[in-house]
Amino acid sequence: MSKRTVVVTGGSRGLGAVIVHSLLESGHRVATCSRTKSEFLAELEAGSRFAPDFFWRPCTIGEADEADAYMKAVAEWTGSDGLWGLVNNAGIAMAGILATFPNIESERIIKINLLGAIQIARAFSQQMLKSNRGGRIINISSIIGTRGYNGLSAYSASKAGLDGFSRALARELGRRQITVNSVAPGYIRTEMSATLTEDQLTQIVNRTPLGRLATAEDLVGVIKFLLSKEAAMITGQTILVDGGISC
């Protein structure tokens, strides 16, 4: 059986880099994109054992033309093997009380986190529908989209929108055996949690039944499952990976 190709947006660092590396380790071919090439990506391209199964090209998430061009390039790289999965991971987080939060920053959050994910999923689904092989779309959402958090209203709106998008797209693509789900992590100690103070993170840990923050590795296990054949009947869902804080 040929290796399956998975596209991961925002794979240059943080959670995205962990997803990329873990999928390569498990035998997938992986294509990723980011605005610029990080040291992590350069190492994968140049000197790692994964180089033959790895593809990177710059893409500005939120620009429809770039999303289309990127996905066409990935399809050409993949060739007859075809695409299998998309992990819509790229996103940004900025904190601020809405009354004083700049409109331009709210627009940027929505453009990248929600509109950008929609554009990439659109370009991906166009390629998938040509192959008629089924596949997987996984949108990385957030617990903030279901619970909210002080100072993160625009971010919360973008992630709540992503969950709704996943449910609707699951209905559109289900007959072609393409599943669409959201994975909503709790609070992870990455660049995305940099908007929270140590006191806030400590309070979150104290309210979490499992008594710790989620890790990128906690998310990767769920993503791998949703990409697998065992998850063929799971679609239109938002799966929380939050240590029970939303109980």
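In which hand does α4 pass α6, left or right? I looked this up in a predicted model, and the crossing is right-handed.

**Entry 1: α4 and α6**

I took helix α4 as residues 103–131 and helix α6 as residues 153–173. Their axes come within 8 Å and cross at roughly 15°. Angles under 35 degrees count as roughly parallel, so I logged α4 and α6 as roughly parallel to each other.

I then listed the residues that meet. On the α4 side I found Ser 106, Ile 109, Ile 110, Asn 113, Leu 114, Ala 117, Ile 118, Ala 121, Ser 125 and Leu 129. On the α6 side I found Ala 154, Tyr 155, Ala 157, Ser 158, Lys 159, Gly 161, Leu 162, Phe 165, Leu 169 and Leu 173. Sorted by class, the residues of this contact are 14 nonpolar, five polar and one charged.

**Entry 2: the nonpolar cores**

I looked next at the largest nonpolar core, which has 35 residues. Val 7, Tyr 70, Met 71 and Ile 137 have the most contacts inside it. At least two residues of this core come from each of β2 (29–34), α3 (64–78), β4 (83–88), α4, α6 and β6 (178–185). Helix α4 gives the most, with nine residues.

Setting aside neighbours within four places in sequence, I found Ile 137 in contact with Leu 86, Phe 124, Leu 169, Leu 173, Ile 178, Thr 179, Val 180 and Asn 181.

**Entry 3: α1 and α8**

I turned to helix α1 (residues 14–25) and helix α8 (residues 216–227). Their axes come within 10 Å and cross at roughly 50°, which makes α1 oblique to α8. I recorded this crossing as right-handed.

From α1, the contact uses Leu 15, Val 18, Ile 19, Ser 22 and Leu 23. From α8, I listed Ala 216, Glu 217, Leu 219, Val 220, Ile 223, Lys 224 and Leu 227. By class I have nine nonpolar, one polar and two charged residues for the contact of α1 with α8.

**Entry 4: Glu 198**

Last, I checked Glu 198, which lies in helix α7 (residues 198–207). Its relative accessible area is 48%.

Technical notes:
Residues numbered from 1 in each chain as written. Predicted model: local features only at pLDDT ≥ 70, side-chain atom pairs only at ≥ 80, totals over all residues. Heavy atoms only, no water. Axes fitted to C-alpha atoms, helices over the stretch in contact; angles between N-to-C directions. Helix = DSSP H or I, 4+ residues; strand = E, 2+ residues; numbered from the N terminus. Parallel < 35°, antiparallel > 145°, perpendicular 65-115°, else oblique. Left-handed = near helix turned anticlockwise from the far one by under 90°. Contact = heavy atoms within 4.5 Å. Nonpolar A, V, L, I, M, F, W, Y, C, P; charged D, E, K, R; others polar. Buried < 20%, exposed > 50% of the residue type's maximum accessible area, 1.4 Å probe, protein only. Core = buried A, V, L, I, M, F, W, Y, C linked by side-chain atoms within 4.5 Å.
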